[in-house]
Amino acid sequence: MGLHDAHGLAALDQQGLIILQVLQLLDDGIEDGLKLLTERNDLRMILINVFGGGVRCDVIAQKICDAVAKRPDFPLPVVVCLQGRNHEIGHRIIEESGHPALRLVRSMEEAVMAVTGTEGI
């Protein structure tokens, strides 16, 4: 992320970006976390990055979709990067949700470009 002028969490917060550490969230944590983040007025988007072999990306993807679906007018774009166990199923769940706020990316590099607005450069 340093390549795109984003230097860790402090810089991300200053630029209006947030990374959720999904591994640390409890059962309702994704919904609660997204609700909390949407109450802030200094954010431009939310990045959810799941990277791990033991994490079931399909379960995480479903929880993300369920949380966002409760608000058809979800106020922020949510960029989702899933890399880990069952990530193919997770990708399909995100893609098939059809929610306009959700955007699936397949690598951290693509995620960084999406949140920093450097796509196509």
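Me: Helices are DSSP runs of H or I with at least four residues, strands are runs of E with at least two, and both are numbered from the N terminus; in which helix, then, is the place of Asp58?
Reply: Asp58 belongs to helix H3, which covers residues 57–69. Please keep in mind that this is a predicted model, where local features need pLDDT of at least 70 and side-chain atom pairs count only at pLDDT 80 or more, while totals for chains, interfaces and linings use all residues. Residues are numbered from 1 along each chain as its sequence is written, and side-chain values use heavy atoms, with hydrogens and water left out.

Me: How do I read burial, and is Asp58 buried or exposed?
Reply: Burial is judged by relative accessible area (under 20% is buried, over 50% exposed, in between partly exposed, with a 1.4 Å probe and protein chains only). Asp58 has a relative accessible area of 10%, so this residue is buried. Over the protein as a whole, 42% of the 121 residues count as buried, and in helix H5 (residues 108–116) the buried residues are Ala111, Val112, Ala114, Val115 and Thr116.

Me: With which residues is Asp58 in contact, leaving aside its neighbours within four places in sequence?
Reply: A contact here is a pair with heavy atoms within 4.5 Å, and, with those neighbours set aside, Asp58 touches Arg85, Asn86, Ile89, Gly90 and Ile93. If you look at contacts in the protein between residues at least 6 apart in sequence, you will find that 74% of them join residues at least 24 apart.

Me: How do I read the pairing of strands, and in which sense do S2 and S3 pair?
Reply: Two strands pair if DSSP finds at least two bridges between them. Strand S2 (residues 45–56) pairs with strand S3 (residues 78–85) in the parallel sense over eight bridges; Leu47 stands opposite Val79, and Gly52 has Gly84 as its bridge partner. Strand S3 also pairs with strand S4 (residues 102–105), again in the parallel sense, over four bridges; here Val78 has Leu102 as its partner, and Cys81 stands opposite Val105. From S3 the chain crosses through H4 to S4 in a right-handed β-α-β crossover. Right-handed means that, with the strands pointing away from the viewer, the path from the first strand over the helix to the second runs clockwise. S2, H3 and S3 likewise make a right-handed β-α-β unit.

Me: How should I describe helices that pack, and at what angle do H3 and H4 pack?
Reply: Angles run from 0 to 180 degrees between N-to-C directions, with axes fitted to C-alpha atoms over the stretch in contact; under 35 degrees is roughly parallel, over 145 roughly antiparallel, 65 to 115 roughly perpendicular and the rest oblique. H3 packs against H4 (residues 87–97) at about 15°, with the axes 7 Å apart, which means that H3 is roughly parallel to H4. Cys57, Asp58, Ala61, Gln62, Ile64 and Cys65 of H3 meet His87, Ile89, Gly90, Ile93, Ile94 and Ser97 of H4.

Me: And what is the angle between H2 and H3?
Reply: Helix H2 (residues 29–38) and H3 pack at about 45°, with their axes 9 Å apart, so H2 is oblique to H3. Ile30, Glu31 and Leu34 of H2 make the contact with Ile60, Lys63, Ile64, Ala67 and Val68 of H3.
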